[in-house]
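Okay, thanks for making time, everyone. Have a look at it first, and then I'll start talking.

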Amino acid sequence: MPVAAMYPGTFDPITLGHEDLVRRSSALFDRVVVAIASDTGSKTPLFSVEERLEMARTALSDIDNVEVRRYAGLTVDFARDNGLRVILRGLRAVSDFEYEFQLATMNRHLVDDVETLFLTPDERYNFLSSTLVREVAQLGGDISGFVSPDVNAALKERLGNS
């Protein structure tokens, strides 16, 4: 039976850490949907959902069984409605665990036929977050080792950095 998974997030912007998890999970599942949230809650994204979709599609275009889609509402509803039996979540450090555990438990209470699977990134990226990348970029730091060249260019353009 084919198993499809989703990797939800805001991806503002997509980083090499995100890409690492997608590439590794694409070898584990028949299909992986990178689901970009248009409802960002209390977050104020730097990039529109359309821009985030385009950056992710470009960064992941070489992986055949990965698709990038937008979604709104509850993650578990999107998963169930699209036949995605697994929600992938990245754990970078112990500090991520408590929040992710609460989220996974709530999701299980809402929908009992979708499981959450935690993956850790390659150790080169275990400190990396979109927020940190944006902050470094805003202060003029070199982020080329943390994002794809297209994302790097988009950040420089958006922030007015040369």
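So, what covers the buried residues of helix H6? The cover includes helix H2, residues 49-59, and helix H5, residues 130-138. Keep in mind as we go that this is a predicted model.

H6 itself is residues 149-159, and the buried ones there are Val151, Asn152, Ala154 and Leu155. If you look down the axis of H6, those buried residues fall within an arc of 165°, so they line one face of the helix. Turn to the other side of H6 and you find Pro149 and Glu157, which are exposed. And just after H6 comes glycine 160, with a positive phi of about 75°.

Right, on to the sheet. In which order do the five strands of the open sheet come? Going across, you read E3-E2-E1-E4-E5, and the pairing is parallel. E3, at 66-71, and E5 are the edge strands; each has a single partner strand, so on one side each has no neighbour in the sheet. On average, neighbouring strands here are turned by 30° against each other, if you ignore direction.

Let's go through some of the pairings. Strand E1, residues 4-9, runs parallel to strand E2, residues 31-37, and six bridges connect them. One example is tyrosine 7, whose bridge partner in E2 is valine 34. E1 is also parallel to E4, with two bridges joining them; there, methionine 6 has isoleucine 87 as its bridge partner in E4.

Then there's E4, residues 86-90, with E5, residues 115-119: parallel again, with five bridges. Valine 86 is bridged to glutamate 115 in E5, and arginine 89 has phenylalanine 118 as its bridge partner in that strand. How enclosed is E4? Four of its five residues are buried, so E4 is largely enclosed by the rest of the structure.

Now bring in helix H4, residues 94-110. Together, E4, H4 and E5 make a right-handed β-α-β unit.

Last topic: aromatic rings. How many aromatic pairs does a search of the whole structure find? The answer is five. One of them brings us back to tyrosine 7, which forms an edge-to-face pair with phenylalanine 11, at 5.2 Å centre to centre and 80° between the planes. Tyrosine 7 is buried, at 7% relative accessibility, and phenylalanine 11 is buried too, with a relative accessible area of 3%.

Another pair sits in H4. Phenylalanine 97 and phenylalanine 101 have ring centres 5.5 Å apart and planes at 25°, so that pair is stacked. Why are these two about one helical turn apart? Because they're four residues apart in helix H4.

Conventions
Residues are numbered from 1 along each chain as its sequence is written. This is a predicted model: local features need pLDDT of at least 70, side-chain atom pairs count only at pLDDT 80 or more; totals for chains, interfaces and linings use all residues. Side-chain values use heavy atoms; hydrogens and water are left out. Two strands pair if DSSP finds at least two bridges between them. A crossover is right-handed if, with the strands pointing away from the viewer, the path from the first strand over the helix to the second runs clockwise. Axes are lines fitted to C-alpha atoms, for helices over the stretch in contact, and angles run from 0 to 180 degrees between N-to-C directions. Rings of Phe, Tyr and Trp (its six-membered ring) pair if their centres lie within 6.5 Å; planes under 30 degrees apart count as stacked, over 60 as edge-to-face and the rest as tilted. Buried means under 20% relative accessible area, exposed over 50%, partly exposed in between (1.4 Å probe, protein chains only). The arc is that of the directions from the helix axis to the C-beta atoms. Contact means heavy atoms within 4.5 Å.
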